[in-house]
Amino acid sequence: MEVTVGTAALALALLLLPVLYERSGSFRFFCKMGFYNGWILLLALVAIPLCALRGRDVENMKIIRGLMQHVKHLYGIRMAVRGAQHFPPRQPYVVVSNHQSSLDLLGMMEVLPDRCVPIAKRELLYMGAVGVACWLGGIIFIDRKRTHDAISVMAEAAHTMLSQDVRVWVFPEGTRNHSGSMLPFKRGAFHLAVQAQVPVVPIVISSYQHFYSKRERRFTAGQCVIQVLPPLPTRGLGPADVPALTERVRAAMLEAFEALSAELRPTAPPPAPQ
Ligand SMILES: CCCCCCCCCCCCCC(=O)SCCNC(=O)CCNC(=O)[C@H](O)C(C)(C)COP(=O)(O)OP(=O)(O)OC[C@H]1O[C@@H](n2cnc3c(N)ncnc32)[C@H](O)[C@@H]1OP(=O)(O)O
Ligand SMILES: CCCCCCCC/C=C\CCCCCCCC(=O)OC[C@@H](O)COP(=O)(O)O
């Protein structure tokens, strides 16, 4: 008898879920984000054995990129890449991009150049299968609570870039920023580029505000533009030039971000006929 009541309650709850999903925007938001994380976890489980064949190697980022590229379709996010011709063809460089949300992974995987690894917070390493996949992909981990250690990891990265022909992707805001603009930039990426004497390639991911907002718990289908800006050379620059370089890159990115936001902002619907 107890079993039947339990089963009936479960069946009722399951039947109600689609209704809740249809009616509640917040519930829909949490489902979508939960699925996003769960799906990536599952993809990591697929990636691990494939990547393990090579061991820890930046070439594994191709496998991770390939596995992630369909995810945008699951959410109806259309992505357009502009300025891909700006990627220097055959040399190391530092990519810097704005960081709005964990959805940035989709934009990153859309344009990630070959032999390019992100710099990530150390905490990611402890996210089970995701951490293992990131490690196998050669992702560089920094401990943001230990500035000195983070800087020495970056200095080591400057050597690796040159000796092993590796490109590095940094989010210079240093954290996710849901505000719809850009935080001040930390200087690590620019020190790295100057130390290795390689160009900085800025990438701007357009605002998600019109289809995704964590604060408003809103996540619908939408459009996103990823714009690659012209690279800035660093040859001949030294540590004293880093602050000006940082501000120059941020100003160019902010300008492009605002232009894209204005372009993609949905126009108000025409007034209903009286
Ligand atoms: C299928 C499975 C798929 C799985 C998914 C896979 C994809 C996963 C993708 C994951 C993506 C995940 C994405 C993520 O996880 S994003 C989070 C992690 N990323 C970052 O934080 C990157 C940006 N941060 C920085 O660049 C910071 O500057 C660092 C971290 C380096 C230090 O920060 P901190 O806050 O501790 O200190 P500070 O910035 O005040 O700097 C202090 C001073 O040191 C100077 N300084 C800095 N650097 C250097 C240097 N190299 N050589 C010499 N000097 C250097 C600096 O100019 C300043 O001096 P001054 O200017 O005030 O005089
Ligand atoms: C044994 C432990 C098991 C834990 C399982 C956790 C499962 C999580 C599964 C999938 C997570 C997928 C998302 C991964 C990548 C998110 C990248 C990201 O956007 O990192 C944020 C970082 O840039 C800035 O961090 P903060 O904004 O400063 O914070």
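Helix axes here are lines fitted to C-alpha atoms over the stretch in contact, and angles run from 0 to 180 degrees between N-to-C directions. The helices themselves are DSSP runs (H or I, at least four residues; strands are E, at least two), numbered from the N terminus. This is a predicted model, where local features need pLDDT of at least 70, side-chain atom pairs count only at pLDDT 80 or more, and totals for chains, interfaces and linings use all residues. Residues are numbered from 1 along each chain as its sequence is written, while chains are lettered from A and ligands numbered from 1 in the order written.

Let's start with a helix pair. α8 (residues 188-196) packs on α9 (residues 242-264) at about 120°, with the axes 9 Å apart. That makes α8 oblique to α9, because angles under 35 degrees count as roughly parallel, over 145 as roughly antiparallel, 65 to 115 as roughly perpendicular and the rest as oblique. On the α8 side F190, H191 and V194 meet V242, L245 and T246 of α9 (contact puts C-beta atoms, placed from the backbone, within 7 Å).

Now for ligand 2. Its surroundings hold 13 residues, with I40, S102, G128, T175 and R176 the closest; to be near, a residue needs its C-beta atom, placed from the backbone, within 6 Å. Both α2 (25-52) and α6 (128-136) supply at least two residues of this shell, and α2 gives the most, with three.

Finally, the UniProt record (an unreviewed entry) places "domain: Phospholipid/glycerol acyltransferase" at residues 93-208, though such annotations may be inferred rather than shown by experiment. Over residues 93-208 the chain is 38% helix and 20% strand, and its end C-alpha atoms lie 27 Å apart.

Definitions and conventions
Contact = placed C-beta atoms within 7 Å.
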